[in-house]
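Hi,

Here is the structure I promised to pass on. Have a look at it first, and then read my notes below.

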Amino acid sequence: MMKAFSVWLLAVLCAVALAVSHGSADETAPVEIYTPEDMLRIAENPDGSYILMCDLDLSSVEWPAFTFRGTFDGNDHMLINLRFGDVSSETQVTYDGNRKTYDTHFAGLFAILDHACVKNVRLPGLTLSKTYEGDCFLGGIAGYANESTIENCEISGTVSLDVTGRMFGVGGVLGYGNAVIRNCKVDVTLINTDLDAAHRDEEFLGGICAAGYPDIDACEITLAGFLSDHGYVHSGGLVGMYIVYPKAFSRNGFITNNTLAGFITFFEDNTNRRAYCKESCGEVMDWLFKDSGNKYSFKRDERKKYDVNLLPHGDCANPVFTENTVAPSCTEPGYTEHTCASCGYSYRDDYKLTVHTPGSEYETLDAPTLETPGLGLFTCELCGAKIRGELPMLTPTPTPTPLPTVTPEPPVTDTPSDSDAEGSGGNALLYLLPIIIGLPLGVIAGLWNRNRRRKRTR
Ligand SMILES: [Zn+2]
Ligand SMILES: [Zn+2]
């Protein structure tokens, strides 16, 4: 059924769609995600299968760190303004280059992936920033992964860790572990700052993965890396340190057909220096992977000044920022871009959800009533996408109201009131005027008549 409708504000309401789409009897179908609250329910049932049904702004919720064992299909939709809570309370064992072990905490879209799959999700403007005392890894999609798959994901933004631990790192997609990472598009600024200058720590940074044995195929990476370490640096355009663990385990992996453009600016404050920083894998412990078809445009930028931590806009002498607000479109989020007029450095924040422009015609999916709004299927005038939108509640039809009975009003008497004293005084004068003028005239006329009568009698 098609209806014409006057233009009214149409919110593209996933929330309304929820009411109609849920209740599927198919137990094997993934659970559909329409709201930030639906996203939070994943943590309550982390073994389930989920599909994102629309772009979501998650600024209204605090995103928890939990272990996910299911499937999350982003369905090519985006999650913006993720606000991360604490790092995972659960730990996993990580291994350094001497295969020394550490009980380590994690954070990411999923803190820990265990035999899980994450696919088709977009994270534009991701800001994952932590200050942590202890051993910790951060990754855009996952802090840690075991036997998992991450494919067709898109990440842009910043992953940043200020840390006082012994074992720590940041990765664009994955912090630590093993996963098949395929067809991902990554444009990230990675920052890892060791706040504990007294201890020689193990620090890792990689455009895709900080450390572990990930399989990486057909990924496109743009990387700006900043690493300040009083210890041992392991950094790479793709992987900080490639290590297969535990010691007896062997596995033939692959790092193939990836494209990397970027740089890593770092210092390694250490007398016993290694300073691993390479375009592909910074340090390779186990040459157990196929390495082919990768293209690199990479700059290794080592600094020897150890008292100032390295940051994206750290050495600009005269920071002057101008703002440019970009409106959201049907497919891309809106944001505010801040650009330094002195050096050209820029960053984006204040992300806004994509917006469609629905036409005035719609198909009714769920008719509105006097009590509840309905649901309509609109077509975007710009891109042709089908959009669900709320139909306003019906308003009661007005019944003609009878004309009021008119009773004749009593004639207005000019009763002077206290406040009307001055006006009534004026009226009184008006009534007295003929008397005031008439009385002397009458007297004069009387005298004149008396004189005439006297003249006649003479
Ligand atoms: Zn600047
Ligand atoms: Zn559109």
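Before the strand pairs, one definition: two strands count as paired if DSSP finds at least two bridges between them. Keep in mind, too, that this is a predicted model.

With that in hand, take the sheet of three strands, which is open and runs in the order β31-β32-β33 with antiparallel pairing. β31 (321-326) and β33 (346-352) are the edge strands with a single partner each, so one side of each has no neighbour in the sheet. On average, neighbouring strands here are turned by 20 degrees against each other, ignoring direction. β32 covers residues 334-340 and is joined to β33 by five bridges in the antiparallel sense. Within that pairing, Glu-337 sits opposite Arg-348 of β33. β33 also holds Asp-350, whose phi is positive at about 50 degrees even though it is not a glycine. Asp-350 counts as partly exposed because 13 other C-beta atoms lie within 10 Å.

Now the overall picture. The protein chain has three helices and 36 strands, and 36% of its 458 residues count as buried. Among contacts with a separation of 6 or more, 68% are between residues 24 or more positions apart.

As for confidence, the pLDDT of the protein chain averages 87, with 81% of the residues scoring at least 70. Residues 1-12 stay under 50, and the model gives them 22 contacts beyond four places in sequence. The stretch 15-25 is also below 50, with 17 contacts beyond near neighbours in sequence.

Which residues have the most contacts inside the largest nonpolar core? That core has 92 residues, and the ones in question are Ile-141, Ala-142, Ile-150, Val-173, Leu-174 and Ile-208. Leaving out residues up to four places away in sequence, Ala-142 touches Ile-150 and Leu-174 as well as others including Leu-109, Phe-110 and Leu-113. As a general point, nonpolar side chains in soluble globular proteins tend to be buried together.

Strand β9 (residues 101-107) is mostly covered, with five of its seven residues buried. On one hand, β9 runs antiparallel to β8 (residues 92-95), joined by four bridges, and Thr-94 has Tyr-102 as its bridge partner. Five residues lie between the strands of this hairpin, and one of them, Arg-99, takes a positive phi near 55 degrees. On the other hand, β9 runs parallel to β13 (residues 136-139) over three bridges, where Ala-107 stands opposite Leu-138.

Is Val-188 buried or exposed? Val-188 is buried, because 26 other C-beta atoms lie within 10 Å and 20 or more is the cut-off. Val-188 belongs to β18 (residues 185-194) and touches, among others, Gly-140, Ile-155, Val-159 and Leu-223. Its C-alpha atom is 9.6 Å from that of Gly-262, which is 74 residues away along the chain.

Two backbone details to finish. The peptide bond from Tyr-245 to Pro-246 is cis, with omega near -15 degrees, and Pro-246 is in the loop between β24 (239-242) and β25 (253-256). Asn-75, in the loop between β6 (71-73) and β7 (79-80), has a positive phi near 60 degrees without being a glycine. Asn-75 is partly exposed, with 18 C-beta neighbours inside 10 Å.

Cheers

Methods:
Residues are numbered from 1 along each chain as its sequence is written. Chains are lettered from A and ligands numbered from 1 in the order in which they are written. This is a predicted model: local features need pLDDT of at least 70, side-chain atom pairs count only at pLDDT 80 or more; totals for chains, interfaces and linings use all residues. A nonpolar core is a set of buried Ala, Val, Leu, Ile, Met, Phe, Trp, Tyr and Cys residues joined through C-beta atoms within 7 Å. A residue is buried if 20 or more other C-beta atoms lie within 10 Å of its own, exposed if 12 or fewer, and partly exposed in between; C-beta atoms are placed from the backbone. Two residues are in contact if their C-beta atoms, placed from the backbone, lie within 7 Å. Helices (H or I, at least four residues) and strands (E, at least two) are DSSP runs, numbered from the N terminus. Axes are lines fitted to C-alpha atoms, for helices over the stretch in contact, and angles run from 0 to 180 degrees between N-to-C directions. pLDDT is the predictor's confidence in each residue, from 0 to 100.
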